[in-house]
Amino acid sequence: CNRNKDFPKMGESKGTTKESDGPKRAVVYPVPKPTESPKAVAEHNVKVMKNLAFYAILMAFTPLVLFLASQHGYFDPIYQYTIGIPKDDTRNVFSGIIAIIGVNLVIGNFVINAFKDTI
């Protein structure tokens, strides 16, 4: 087998000639133990579950409320200054777009809130 002599053999580093050195191994550091008490962790878990329930309710009702509000004309003053009041045949499209924007805002707020949360 023709081997390039510039590369070390498996298990040895370049320039090492001693067999006693052996292969180099990665240093494994122990995982630090949490400094929080179990009671504090349990309280934090309750807070997280309440936050999740709050955003789940928002995810369920925000698009529904925004769609129906737009459908019944509550956003017509806003439409008048931006895109014009939609006709009956396009009102569903605009109501759907408003509902999608609303649910994306809820998801974005949840993600931001989840990243800010610490133990």
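1. Start with the surface. The chain exposes about 10300 Å². Carbon and sulfur atoms supply 65% of that area. Keep in mind that this is a predicted model.

2. Next, the overall fold. The chain has three helices and zero strands. Along the sequence the pattern reads α-α-α. Of its 119 residues, 13% count as buried. Contacts between residues at least 6 apart in sequence were also sorted by separation: 54% of them join residues at least 24 apart.

3. Helix H1 deserves a close look. H1 covers residues 38-71. It has 34 residues and reaches 50 Å from its first C-alpha to its last. That is close to the 50 Å expected at 1.5 Å a residue. Even so, H1 has a kink of about 30° at Phe61. The kink lies shortly before the proline Pro63. Just after H1, Gly73 takes a positive phi of about 95°.

4. Which residues of H1 are buried? They are His44, Tyr55, Thr62, Ala69 and Ser70. The cover over these buried residues includes helix H2 (76-81) and helix H3 (91-116).

5. Now the aromatic rings. The structure holds two aromatic pairs. One of them joins Phe54 and Tyr55. This pair is edge-to-face, with 5.2 Å centre to centre and 75° between the planes. Is Tyr55 buried or exposed? Tyr55 is buried, because its relative accessible area is 12%, and buried means under 20%. Phe54 has a relative accessible area of 46%, so it counts as partly exposed.

6. Tyr55 also pairs with Phe110. Their ring centres are 5.3 Å apart and their planes stand at 65°, so this pair too is edge-to-face. The pair links distant parts of the chain: Tyr55 sits in helix H1 and Phe110 in helix H3, 55 residues apart. Phe110 is partly exposed, with a relative accessible area of 27%. Together, Phe54, Tyr55 and Phe110 form one aromatic cluster.

7. Asn51 lies in helix H1. What joins the side chains of Asn51 and Asn113? A polar contact of 3.3 Å does. The two residues are 62 apart along the chain, and their C-alpha atoms are separated by 8.9 Å.

8. Find the kink at Phe61. Then find the cluster of Phe54, Tyr55 and Phe110. Finish with the polar contact between Asn51 and Asn113.

Note on methods
Residues numbered from 1 in each chain as written. Predicted model: local features only at pLDDT ≥ 70, side-chain atom pairs only at ≥ 80, totals over all residues. Heavy atoms only, no water. Helix = DSSP H or I, 4+ residues; strand = E, 2+ residues; numbered from the N terminus. Polar contact = N/O pair within 3.5 Å; in protein donor to acceptor, adjacent residues only side chain to side chain. Expected span 1.5 Å × (residues − 1). Bend = angle between axes of the 7 residues up to and from the residue. Buried < 20%, exposed > 50% of the residue type's maximum accessible area, 1.4 Å probe, protein only. Contact = heavy atoms within 4.5 Å. Areas by Shrake-Rupley, 256 points an atom, 1.4 Å probe, with all protein chains shown as cover. Phe/Tyr/Trp six-rings, centres within 6.5 Å; stacked < 30°, edge-to-face > 60°.
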